[in-house]
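Reader: I'd like to learn how to read a fold and its pockets from a model. Could you walk me through one?

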Amino acid sequence: MTISGTVPRPHASPYERLAALGIKLPVAPAPIANFVTHVQEGNLLFLSGQGPNHADGRSHTGKVGAEVSIEEAYQHARLTGINLIAVMQDALGDLSRVRRVVKLFGMVNAAPDFAQHPAVINGCSDLLIEVFGDSGVHARSAVGQGSLPGQITVEIEAIVAID
């Protein structure tokens with residue numbers, strides 16, 4: 001069973017899993033500075049950091065552990081995961097080309113005494129496993145930062161093996 005309570009079929013495509021979760025992918029977010037959203041090198045796709053940005057331009061901001069709860073930040077990391085998947089779709093044209101999510105690097109805009117960074121980044125990790133099944137299981141780092149661009153609550157980047 002997934003976090004949302006649905007049970008994806010074992011051999012469902014990423015698109016069927018997204019539909020079962022009620023997720024419609026947004027247009028891939030544009031870069032906010034002098035970089036690209038992704039770079040493919042061989043069979044690896046490197047995704048630039050994404051944040052908890054809605055398609056209408058709204059972003060979630062604040063310090064986790066101060067004015068933002070762990071539960072709220074978990075949802076922000078989940079939204080960030082949706083944005084990462086949107087970049088994968090844009091880069092690959094077909095999410096079925098994702099062989100494996102290899103690594104996530106998650107950053108949390110955290111209050112100085114906050115220590116539950118992994119619980120926040122689980123929002124993205126759980127989503128990737130829900131969407132890609134066993135191929136979504138990945139290595140990961142979750143760290144705290146004194147600030148992030150625009151004071152967003154989380155930023156997550158990924159490395160994905162592709163076919």
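**The largest pocket**

Author: The largest pocket has 21 lining residues, and Ala-30, Ile-32, Gln-50, Gly-51 and Asn-53 lie nearest its centre. This is a predicted model, where local features need pLDDT of at least 70 and side-chain atom pairs count only at pLDDT 80 or more, while totals for chains, interfaces and linings use all residues. Residues are numbered from 1 along each chain as its sequence is written, and side-chain values use heavy atoms, leaving out hydrogens and water.

Reader: What counts as a pocket, and how much space lies in the largest pocket?

Author: On a 1 Å grid over the protein atoms alone, a pocket is an open set of points where a 1.4 Å probe fits, with protein on both sides within 12 Å along at least five of seven lines; lining residues have an atom within 4 Å of a point. Points are joined across faces, edges and corners, and the volume is the space filled by probe spheres set on them. Here the largest pocket holds about 370 Å³.

Reader: Which classes of residue make up its lining?

Author: Ala, Val, Leu, Ile, Met, Phe, Trp, Tyr, Cys and Pro count as nonpolar, Asp, Glu, Lys and Arg as charged, and the others, Gly among them, as polar. The lining has ten nonpolar, ten polar and one charged residues. Strand β2 contributes the most, with three residues.

Reader: How are the strands arranged in the sheet?

Author: Helices (H or I, at least four residues) and strands (E, at least two) are DSSP runs numbered from the N terminus, and two strands pair if DSSP finds at least two bridges between them. In this chain, five strands form an open, mixed sheet in the order β1-β2-β5-β3-β4. β1 (38-41) and β4 (139-145) are at the edges with a single partner strand each, so one side of each has no neighbour in the sheet.

Reader: In which sense do β1 and β2 pair?

Author: β1 and β2 (residues 44-50) are antiparallel, joined over four bridges. Gln-40 stands opposite Leu-45, and Val-39 opposite Phe-46. Their hairpin has two residues between the strands, and Gly-42 takes a positive phi near 60°.

Reader: Where do helices α2 and α3 lie?

Author: Contact means heavy atoms within 4.5 Å; axes are lines fitted to C-alpha atoms, for helices over the stretch in contact, with angles from 0 to 180 degrees between N-to-C directions. Helix α2 (residues 70-92) lies across β1, β2, β3 (98-109) and β5 (154-162), at about 140° to β2. Helix α3 (residues 117-132) lies across β3, β4 and β5, at about 160° to β3.
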